[in-house]
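Hi,

Here is the structure I promised to pass on. Have a look first, then read my notes below.

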Amino acid sequence: MKDSYDVIVVGAGHAGCEAALACAKMGAQTLLITINLFTVAQMSCNPAIGGTAKGHLVKEIDALGGQMGIVADETAIQFKMLNRSRGPAVWSPRTQNDRVQYSFRMKWYLENQPNLYLRQHDIKSLLIKGDKVVGVITDIGTEIYARAVILASGTFLNGLIHIGLQHFSGGRIGEPASSGLAQQLASFGIKVGRLKTGTPPRIDGRTVDFKQMEPQYGDEDPIPFSHKHDRIQIQQMPCYITRTNRKTHEILASGLDRSPLYQGIIKGVGPRYCPSIEDKIVRFADKEQHQLFLEPEGRFTHEYYLNGFSTSLPEDIQIQAVRSIKGLENVRLTRLGYAIEYDYFPPMQLRPTYESKAIENLYFAGQINGTSGYEEAAAQGLMAGINAVLKIRGEEPLILGRDEAYIGVLTDDLVTKELYEPYRMFTSRAEFRLLLRQDNADLRLMDYGHRYGLIDDASYDLLLRKRQAIEQGLEKAASLRPPLAEINRLLLEKGSAPVDNHETIEKILRRPEIRLTDFGSLYEDELFCSNADAFWQRVQEQVEIEVKYRGFLERQRLLVEQMRSMEDMILPEQIDYNEVTSLSKEGKEVLKKFRPRTIGQASRLIGVTPADIAVLMIHLKQRSAQMFHVKHDA
Amino acid sequence: MKNDTIAAVATPPGIGAISIIRVSGPKSIEKIAGLFRASVPLTEAEERRMLYGKIIDPQDEQIIDRVLVVKFLSPHSYTGEDMVEIHCHGGRLISSEIMRILIESGIRPANPGEYSLRAFLNGRIDLVQAEAVADVIQAQTKAALKAAQRQLEGDISKHLNAVKNDLKETVALLELALDFSEEDVTFLQSHDLKKRIDRSLKSVESLIKGFRYGKILREGLIVVLAGKPNVGKSSILNKLLQKERAIVSDIPGTTRDSIEEWIDIEGYWIRIIDTAGIWGANGVIEQKAKERTLGAVQNADLVLFVTDGSAEIDSEDVQALKEIEEMYNGKIVLVRNKADLGLAALNERILQKFNGALVISAKTGEGFENLEKQILAQIAELPHEDEVICNDRHYEELLKAKSELESALEALERNLSEEFLAVHLKGALGCLGRITGEVSLDEILDHIFSRFCIGK
C-alpha cells in the first residue's frame, strides 16, 4: 500500500513543529519526520525565547495560531519585558525557559494534534517527478508520498562541528548530521551556501560561586506571550551576570593558534551580532571585559548556559579561560562550546510563500534558509505550513506585508536581499516599527489565524470584542469633556498644568504624565478603571497608545498607504526582462536574479532605479491592455 | 495610483523670451492659486483661458514676475490630471525663482519623463508610444543623473556626504540603544544627541542657503572680455554665442558700449561681458564708458585679456592691462586673437607672467575649444563661499531634511524615546540619500557591528 500524506515536514525543530501543527490544524494529513524524536523543538543555543524584535515574532506567531508562545509561557522560568523604559513599539518580551520541559511540552502538543503523525527517520532524498516534489525516501529506503514537502532540517545538512582543531560530522553536538539532500537539491540547480554558528560551554551550577555575581531577576508582573494566558503565576529563577577579565583574554589569546576560526579551517560565515569570545577579544582588543550571563537550563538541572562565551577553542583553553572568571574559579564544564558549519539554501530562490522556485510543492523553512534564532525559524515554519495547505486547496497564498508584521519583513527580506551572514530580526529592520508592536499583534493578525482555522472561535470573539471596545474607547476619549473644576483639581494632583477650556479627554491624555485611569474618579467606566481585568487593561493600553502617539502613527500609516499602492501592482511570473527593452542594464540583471513579485518589491532591490520602476509600470500597463484586447477578440 | 503634485520648467533652458512651468497633479490648481494674484482667483478662473497676474513669494510678498497662467481640468490635459501652466519671462533666473517657491509650497520637482509617464498611465498617450515613453524616461534619467552628479562634484558632495555620514552614525547609535539595550555598551545621552542633531541641522541649513544665494545659478560666472580696441573682442563674443546657439536676450540696462550675453557651456551658465575698448581716454562720454568697463572688470570671475596676436604687444595693450590689474586681482588669461593672420613674436616675460597664452581666431574658430576649457577650469577653481546647490530636486530634499531634523529636536524636547527620534532622523537620512545615494539599513547595522562589541 502506498504510504501517502498531504504534507510531509522534514525536521522537528522550531520551524518544523510550527509547520506540522499548522498543516494539521488546517485539516491536512501531516507527517512530521525527524532524526530523533527525543530532541523535538530543541533549544540548541540559549534557553530563552523572545528578546528585542524576536519577542515581536513570538507574539505574531501566537496571533496567527502558532504554538511557540503557548509553550514558552508554559515552560518559562523567568519573564522579562525588555526596553520597558522606552516607547511601546520597542517593548520586547523574553522568557528564560526550561529546555527539557520546552521540548517535551511541544512534543506533547504534536502528539495530541489530530491529523498529525510523527516518525523517526533520516531523509536521504526527495522523490521528484519532473520539477515537482512528490515525496521523500527515508534512510532505510522507504518511499513516502505527499502533495507538499516542507524542509526544516536546520543545521543538520552536512553539519560539521568544530572544537579546537578537531572536527567531526554532526547536526548538533551528540546528534548525526544529514547528508545527501543538499547534493540532490544542488543537482536541480538550487544554490547551496555555507554558514557558521556557535554555542558556549554549559557549566555545573553546584560549582559556581553565585555570591560573587549580580543576580538578574524577572519582572514582578510577568506579561505572557500568548493571548490564551491572562496571568502568569510561577516561581521565577534569576540569571546571573559576571564578566571576563584581562587574564581570561590572555588565556583565550594563547589558544588562537588552535582556533579553527583563526586558522582558516572554518569557511562558513558567522553572524556579526553573535561573535565568539575569541572574535570579541581580537576585534575589540581594547575592551577590558565582556559581560556574561549565566542562564539556568531548567528547574530540574544544575546546568547553566554561559551566555556571551560562544567559542570553538580547544577544550583545555575553554576550561582555563572559564575558570579565570569571577565566581567561576572552581567551575566544572558539563558540555564544551563548539562551532558548527552547515549548508543553507540562499532564500532568494524562494517565493514569498517559502515554496522553492525551482521545485514545485517543496517548501523551505527555518535555519536552512540562512536565518538564525528559534523565533525566526518558527515564523517561517508557520508561514510555510499555512501556504503549503493553501496551495493544496487551490486557495490564494498568505503573504504578510512589511506593514502588517515582522513576519512580513522577515519574508520580504529573505526573498529580496542577498544574505551575507545568518539573518536575525532587529526592530530596526521594520520601517513601520511604530505600527508593528508586540501589544497589537492580535489586532494585526488574528483575523488571518481565524480565517485559516488556527485560532479558535472563543479567542476570536474576544478579539472582536476588544477591537470594538477600543473603538468605543477612542470615541469616548474624543467626545467626553470633564467638568472644568474637577479636571483641574485632578491635573493639579498630577502636577500637570490646568486647562482653561472644556477640553476632551483625548487632548488631556496626550500629556505624558496623564493616564487613562486618572479619569477613573470622574467616570464610572471600565475604560478608566484603575483595577480593571486583563481584557480592559489591554483595551486601555491600546487607547492610550493611539492617543498619545497619534502623530507618529498617522505618519507611518500614510507611508504604508504609499507603499501599498506599489505592492498592489503584481509582476507576472512569466515576465521576460530581456524583452523589456528600456530597462537599465544593471536593473535588468537584478530583476532577472530576484524575480520580484510586485513593483514594490522590485523598488526595494538594490540596482533597480526609479526609472526602471517607471519602465516596468509602463510594461505592465501595456501588457494588461494587450491581454484585454485578446479577451475581446476571443 | 494616487499621485502627488509635480512641477518642472517645460521650455529648454536659455532659449526664448518666455519660459513655461508646468504643474500637474490633484493639488496643482489649489497650490498655484495661493501664489498667484490676478483679477479672478485661479480656482474660479475659466478653464483653458490665459489669465494675467503676478507670482508672489509668500514669504515676503515680493513680486517674482508678471505672468500668464492657464489651468486645465482633469481629464482634459496632457497628463490627464489637473494642470496649470505658468508662462513667465525667459531666462534661468525667473523660472528657477518660481520653481523655488513652488517647491517651498510643497510641490515636488518632476522626475525625468514623469509627465509622459503620467500621461501614459492615465491613458492620454497611445499604447504604441509606450516603448518610446520608456526610452525617453531611461534616457532623461541618465542625462539628469549625469547633470546632478556634475553638480555634486567637489566641495558640495564632500559636505553632503559628511552630513549624511554624521547622521548615519547618529541613527546607528539610536538603533544600538533599541536593538541592543541589554548589551554592555554605552548609549547616546540626550544632550549628546541634541548636539549631534543641531550639528546636522546647521549643515543642512547652510546647504539650503547655498541654493538661495548660489552665485553661479543666480548670476552666472562673470567672464569679461577686455583689451584695447580692434583686437576682436566682439567677434570672440559672437563666435561664442553662435557656437553655443544659446542667446537669451540682451539683458535690459546694458549700455551700447558694454554688452552682456548669457551662454551655456556644458550646462554651466556664463555671463559674458564684452567691454568697450576704451582705455586712457579723456572725453566725458568715454570716461563714463570706461567707468562701466572697469566696473565690469571689478566684478569679474575671469578676465580674458584680448590682444591682436598678429601684432606685437604695444603701449596701448600695456596701458589697458595696467588699468585692469588696478581694479581686479583675479585670474587673467592672455588671449591672442587673429591667429589666422599669423602670429607675431611674443615677449618671453609676458608669456611667463600669464603662464602661457591662448591662441585663437574668432574668424576661423581655431582655439575656441581651449577657450571654453579655460572658462570651465575657472568654474572649478571658483572660491565657493557657500556650497552651492542648484538642482531643484536637491533643494526639495534639503528642505525636507531640515524639517525632519527640526521635528527630531522637538521630539527630543518632549523626552520621547529613541524609536520616535529615529523616525525623523531616518526620514532626514532618506532625503540626503536621495541626493548622494541611499543609505541602506545594512549600512547602519554595519556601523553598529564595526564599532561595538555586540552579541551574547
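Which backbone nitrogen lies 2.9 Å from a polar atom of the side chain of Glu60(A)? The one that belongs to Ile407(A). That makes a polar contact (N or O atoms within 3.5 Å, where within protein one must be able to donate a hydrogen and the other to accept it, and residues adjacent in sequence count only if both atoms are side-chain atoms).

Before going on: this is a predicted model, where local features need pLDDT of at least 70 and side-chain atom pairs count only at pLDDT 80 or more, while totals for chains, interfaces and linings use all residues. Residues are numbered from 1 along each chain as written, chains are lettered from A and ligands numbered from 1 in the order written, and side-chain values use heavy atoms, without hydrogens or water.

The pLDDT (the predictor's confidence in each residue, from 0 to 100) averages 94 for chain A, with 98% of the residues at 70 or above. Over residues 629-634 of chain A, though, it is below 50, and that stretch has zero contacts (heavy atoms within 4.5 Å) beyond near neighbours in sequence.

Leaving aside neighbours within four places in sequence, its contacts include Tyr406(A), Ala441(A) and Arg444(A).

Cheers
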